[in-house]
Amino acid sequence: MTPFDRERLLFTPQSPDSNAIPLIFAFPNEYTIGITSLGYQIVWSKFALRSDVQVSRLFTDIQDNLPRNPELLGFSVSWELDYINIFNLLESLDIPLHSKDRNDNHPLVFGGGTVLTANPEPFADFFDVILLGDGENLLDNFIDAYQDVRNGDRATKLRHLATIPGIYIPSLYQVTYENPQGAIAAIAPIYPEIPSVVEKQTYRGNTLSTSTVVTELAAWENIYMVEVVRSCPEMCRFCLASYLTLPFRTASLEGSLIPAIAKGLEVTNRLGLLGASVTQHPEFEALLDYLSQPQYQDVRLSIASVRTNTVTEKLAHTLAQRDTRSITIAVESGSEKVRRIVNKKLENDEIIQAAINAKAGGLKALKLYGMVGIPGETIEDVEQTVTMIEDVKKAAPGLRVTLGCSTFVPKSHTPFQWLGVNPDAKKRLKFLEKQLRQRGCDFRPESYNWSVIQALISRGDRRLSRLLEQTREYGDSVGSYKRAFKQLRGEIPSLDYYVHQDWQTDQILPWSHLQGALPEKTLVKHLNEARDCMVKGEKVN
Ligand code: SF4
């Protein structure tokens, strides 16, 4: 029995037509991880529901019977470092890594997902086609457009696809630089009919995604996932999950969520409510009431993200009854100044109240999520995080308090995209570790070095493709990246340029030709508001 045989499908795949497009849809990691990605499930089922497509799945550990001559090969990319697995899979299929080395006998290699939508440029040389934004309409438009030119040569196909909104063909844009180590001088399409700016696609319906397959082999065993909201209206200025996917959209309770949940709970009793800001659904209370019905008493409930001031005793009680022991809230910092800088509308009192409510509702643990190195942060602000944790522990004795902490990483399409990683963040993580362990708080820092690599990929341009190929030989540690930078010294910008330097707001960004949810001038306005808070904060202190 293969892992595929153990799946319970919540849709009925179409039988492919005799001349259906042979398409391989890959997830560049193991099956257990890929099948837990709601995005992967949705795209795969969308292809499987078209009779003009014959889709086969490929993971790094298992695969369907693959077609001998696929016309399309797609990757769903949700983790930056999976690029190494993409290289391996391309090689295993005898497909050249670089788009420019492929010919009419090779499939078109396409990709989508958060990593590529945020900033595809470090990977631009390896993909023929990149799909930007929500897949709801984009995938069908892509396949329909491909059908129009299916019998054409490679160049004809790419030129036609480039005219479809949301479809980005990197090879049809030329990027020039002021000098090999300098800023970008220009990004321009190489043919007049190719749009100079590609717009990320936004789905505006009120039916969001739900699992199309449930399996005991998923990383969250047997989970049925329901997307409750998309994006987040809070707009914390560093937050990709909010800015990249705006506007905030909510699934309709009666028309979408309840029927979907009822269907999913026929095949499993594990339910995951997904979204960047689940509890901000306007009918979240009614959803909790629905799940409190007697027939759902044994349902295990997981909630992706909870806004601090929505942690009511009722929510805590519902979760505690459903086999959940802890709740996670993102507080970013114990400093109110820092929270103003990032636009996190939250007071320390609300964090303390959340802890009190979590305990009163019967939860055993509270996980706080914070960040160091936020622009404008000083060591005094980090000290305030220690004080805040002390206050939380005092207010809810017996509740196990954990602080997970990452380093600020600039993300494209956010107001902080121009700001570099603060190298002092490493020391600040160490400081928090020492202080909090002394106070009996469980501290879980995310590796500073990993944040550096994330920032590099997050703000990278096409010149990084050589570096990515090089690091593959050395392994995925920061040391490998440094070694590769050394080898390419003089030929590409430095690590410092990509990761630590603040960039000018008038410089051309690697993704300037890819339009996100908000225009650049709005992002500059939000950045300036943050800078005002930094100045005011200094005066107050
Ligand atoms: S509340 Fe969370 S998800 Fe929403 S914008 Fe802020 S960090 Fe992002």
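Predicted model: local features only at pLDDT ≥ 70, side-chain atom pairs only at ≥ 80, totals over all residues.
Me: OK, so how many residues of helix α15 are buried?
Reply: Nine of the 11 residues of α15 (residues 448-458) are buried, and the helix is mostly covered. Among them are Tyr448, Val452, Gln454 and Leu456. Helices (H or I, at least four residues) and strands (E, at least two) are DSSP runs, numbered from the N terminus.

Me: And what covers those buried residues of α15?
Reply: The cover includes β19 (400-407), α14 (425-438), α17 (478-487) and α18 (495-499), where two residues are in contact if their C-beta atoms, placed from the backbone, lie within 7 Å.

Me: Zooming out, what is the radius of gyration of the protein?
Reply: The protein has 24 Å, which agrees with the value near 24 Å that a compact globule of 541 residues would have; the radius is taken over C-alpha atoms, and the globule rule is 2.2 Å times the number of residues to the power 0.38. The C-alpha trace spans about 70 × 60 × 40 Å along its principal axes, and 46% of the 541 residues count as buried. The secondary structure comes to 19 helices and 21 strands.

Me: Which domains is the protein divided into?
Reply: There are domain 1 (18-199), domain 2 (204-305) and domain 3 (320-459 + 503-541), with bounds that come from an automatic or database domain assignment. The C-alpha centres of domain 2 and domain 3 lie 24 Å apart, and the contact takes 15 residues from domain 2 and 18 residues from domain 3.

Me: Which elements does domain 2 bring to that contact?
Reply: On the side of domain 2 that touches domain 3, the elements giving two or more residues are α7 (240-243) and β16 (300-303), and β16 gives the most, with three residues. By class, that side has 10 nonpolar, two polar and three charged residues. Here Ala, Val, Leu, Ile, Met, Phe, Trp, Tyr, Cys and Pro count as nonpolar, Asp, Glu, Lys and Arg as charged, and the others, Gly among them, as polar.

Me: Switching to the ligand, which residues surround it?
Reply: The surrounding residues are Cys232, Glu234, Met235, Cys236, Cys239, Ala241, Ser242, Ala276, Ser277 and Ala330, where near means that the C-beta atom of a residue, placed from the backbone, lies within 6 Å of the molecule. This shell divides into seven nonpolar, two polar and one charged.

Me: What is the strand order in the six-stranded open sheet?
Reply: The order is β3-β2-β4-β5-β6-β7, with mixed pairing, and two strands pair if DSSP finds at least two bridges between them. The edge strands, each pairing on one side only, are β3 (53-58) and β7 (167-168). Strand β6 (residues 129-131) runs antiparallel to β7 and is joined to β7 by two bridges; Leu131 has Ile167 in β7 as its bridge partner.

Me: Last one: where is Trp79?
Reply: Trp79 sits in the loop between β4 (72-76) and α3 (83-92), and counts as partly exposed because 14 C-beta neighbours lie inside 10 Å.

Technical notes:
Residues numbered from 1 in each chain as written. Buried ≥ 20, exposed ≤ 12 C-beta atoms within 10 Å, placed from the backbone.
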